[in-house]
Amino acid sequence: MASPACTSLVSYNAAISRCARAGLYPRALALFREIRGRGYRADEYTLPPLLNSAALLRAPPAARGLHALLLRAGLAAHLHVANALVDAYAKLSSPSSARQVFDEMPTRDVVTWTSLVTGLARAGAHATAAGVYRDMVSALVHPDHFAVAAALSACAGSTALDLGRSVHASAVRRGLDAFLSVGNSLVSMYAKTGSLRDARAVFDAAAPARRCTVTWTALIVGYAQNGRGRRALRAYDEMLRAGLRPDYVTFIGVLFACSHAGLVDAGRAHFRSMSADYGVEPGPDHYACMVDLLGRAGRLEEAMDLLSSSATELDATVWKAVLAACRVHRNAELAERAAEVVWRLDPADAVPYVMLSNLYSRARRWADVARVRSLMKARGVAKEPGRSWVGVNGVTHVFHVEDRGHPRAAEIYEKVEEMTGRIREHGYVPDTDWALQDEAPEGRERGLAYHSERLAVAFGLLAVPAPAPIRVFKNLRVCGDCHAAIKMVAQVYGREIILRDVNCFHHMEHGVCSCGDYW
């Protein structure tokens with residue numbers, strides 16, 4: 001018969017586990033304090049549900065305390081304890097700690113690898129997560145559907161379409177594509193890497209009964225972000241006819257679609273229907289979409305009225321949307337107000353400084369440009385350097401402005417000159433308002449010609465065989481002059497160029513861009 005102490009610990013472990021499964025995380029941790037108060041030592045069954053509770057409560061100190069305790073107790077050698085620790089740090093967006101625990105583990109299983117891939121992807125370290133997935137496969141660990149879904153999320157975040165296709169093929173071979181989470185992740189991955197045909201093919205291959213709100217939302221958001229606003233709205237109508245209810249994220253896609261299709265009345269109607277018909281209260285993301293929608297239509301005053309009547313606490317995202325609309329319509333006074341709000345909400349964000357500087361630059365207000373840059377420097381705010389990249393045969397080629405570090409730099413610059421000459425013959429005139437330096441016109445034009453996205457496009461023309469599209473990704477917004485130039489390059493060279501910037505995809509073909517020339 002078990003001793004009374006052992007029986008008590010078993011009972012506590014069972015109670016902690018039940019509380020953790022029921023979402024009663026504070027109660028689970030309180031029970032642990034009782035255990036310690038009674039002098040019992042936690043064992044390998046006590047700690048996993050406690051680590052999960054600490055993680056889901058967003059309580060890093062509690063997780064670190066449990067980590068220290070299990071090290072002192074010599075419990076780190078138990079695989080399921082170490083797995084719970086990796087998972088906890090992953091959920092707490094502490095990928096470096098999760099990785100350290102992972103690296104120190106003598107043995108690992110599919111749960112260990114999946115926890116690390118998922119945690120890295122959640123923390124935004126998508127490229128690292130994709131690399132861990134590759135290592136997992138190389139270690140001959142067979143991914144399960146959780147690992148595949150996490151890897152696809154990493155591929156979407158890191159724009160690794162080729163790896164995403166490989167993960168898809170592996171999932172099909174193992175029969176994992178039948179899992180709903182994998183199917184949803186596939187739709188999202190293909191949409192977020194600009195491959196809408198594949199996203200739609202995966203969606204259509206799923207039986208209607210197997211599609212949930214997440215499936216439809218992935219398709220709707222994908223269409224919207226790829227500049228297919230009307231298709232997104234048709235998909236939304238189909239979703240409603242299928243008897244599914246939209247959620248918070250669905251409405252982000254719907255309002256984004258209305259914005260990019262210029263459907264002001266439809267956008268207003270959908271915004272009203274959120275709470276009236278579906279009980280979804282608008283959040284900052286929805287208000288940002290509405291500002292973008294009204295800003296595109298030149299209705300900045302209406303957008304500001306909407307914000308002033310909002311009961312929602314508005315974050316920096318909303319005011320950056322105001323700034324973007326002001327940049328398009330050259331409303332410096334409102335832009336300055338919006339920038340001040342963003343500075344209060346997020347002092348370290350470089351975006352308002354850059355947007356305001358761009359607006360002043362286009363107006364040739366060089367003294368104001370200098371003032372904003374000085375303010376940025378004085379506050380210790382660093383602008384993220386612009387970079388663009390293009391993948392060829394599984395290799396990612398990264399470019400910066402006026403970059404000459406690529407092995408084929410001479411060919412790339414020759415191709416840029418050729419591109420510029422050919423589009424000039426078709427009417428291209430550089431818009432030097434987008435140049436950020438107060439210099440002679442020739443210097444301003446030359447600076448625009450060697451922006452990172454143009455170098456990437458030039459390399460794509462050299463390295464990506466037709467008829468495959470040239471896929472270029474940029475970490476910042478594409479500038480207006482580059483947008484016009486690349487759109488014309490697509491027309492002159494008869495190529496499809498898919499450019500994804502920080503805001504949306506630009507599918508350029510036959511002289512037309514899916515964004516409707518508002519980005």
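Mentor: Let us begin with the word axis, which is a line fitted to C-alpha atoms, for helices over the stretch in contact, while angles run from 0 to 180 degrees between N-to-C directions. Helices (H or I, at least four residues) and strands (E, at least two) are DSSP runs, numbered from the N terminus. This is a predicted model, in which local features need pLDDT of at least 70 and side-chain atom pairs count only at pLDDT 80 or more, whereas totals for chains, interfaces and linings use all residues. Residues are numbered from 1 along each chain as its sequence is written, and side-chain values use heavy atoms, with hydrogens and water left out.

Trainee: What makes α12 roughly antiparallel to α13?
Mentor: The axes of α12 and α13 (residues 213-225) lie 11 Å apart, at an angle of about 160 degrees. Angles under 35 degrees count as roughly parallel, over 145 as roughly antiparallel, 65 to 115 as roughly perpendicular and the rest as oblique, and the angle here therefore makes α12 roughly antiparallel to α13. The crossing of α12 over α13 is left-handed, a word used if the near helix is turned anticlockwise from the far one by less than a right angle, and right-handed if clockwise.

Trainee: Which residues make the contact of α12 with α13?
Mentor: Contact means heavy atoms within 4.5 Å, and the residues are L196, R200 and F203 of α12 together with T215, W216, L219, G222 and Y223 of α13. By class, this contact has five nonpolar, two polar and one charged residues, where Ala, Val, Leu, Ile, Met, Phe, Trp, Tyr, Cys and Pro count as nonpolar, Asp, Glu, Lys and Arg as charged, and the others, Gly among them, as polar.

Trainee: How do you know the way in which α15 runs relative to α16?
Mentor: The axes of α15 (residues 248-261) and α16 (residues 264-278) come within 8 Å and cross at roughly 165 degrees, and that angle makes α15 roughly antiparallel to α16. Here α15 passes α16 in a right-handed crossing. Among the residues in this contact are F251 and V254 of α15 and H270 and F271 of α16, and its classes are eight nonpolar, three polar and no charged residues.

Trainee: How many cavities does the model have of 30 Å³ or more?
Mentor: On a 1 Å grid over the protein atoms alone, a cavity is a set of points where a 1.4 Å probe fits but cannot get out, and a pocket is an open set with protein on both sides within 12 Å along at least five of seven lines; lining residues have an atom within 4 Å of a point. By this rule there is one cavity of 30 Å³ or more. The largest cavity has a volume of about 40 Å³, the space filled by probe spheres set on the points, which are joined across faces, edges and corners.

Trainee: Which residues line the largest cavity?
Mentor: They are V416, M419, T420, I423, R454, A485, I486 and V489. The largest share of this lining, four residues, comes from α23, and by class it has six nonpolar, one polar and one charged.

Trainee: What makes P467 and L140 worth a look?
Mentor: Most residues other than glycine have a negative phi, and most peptide bonds are trans. The peptide bond from A466 to P467 is cis, with omega near 5 degrees, while L140, which is not a glycine, has a positive phi of about 65 degrees.
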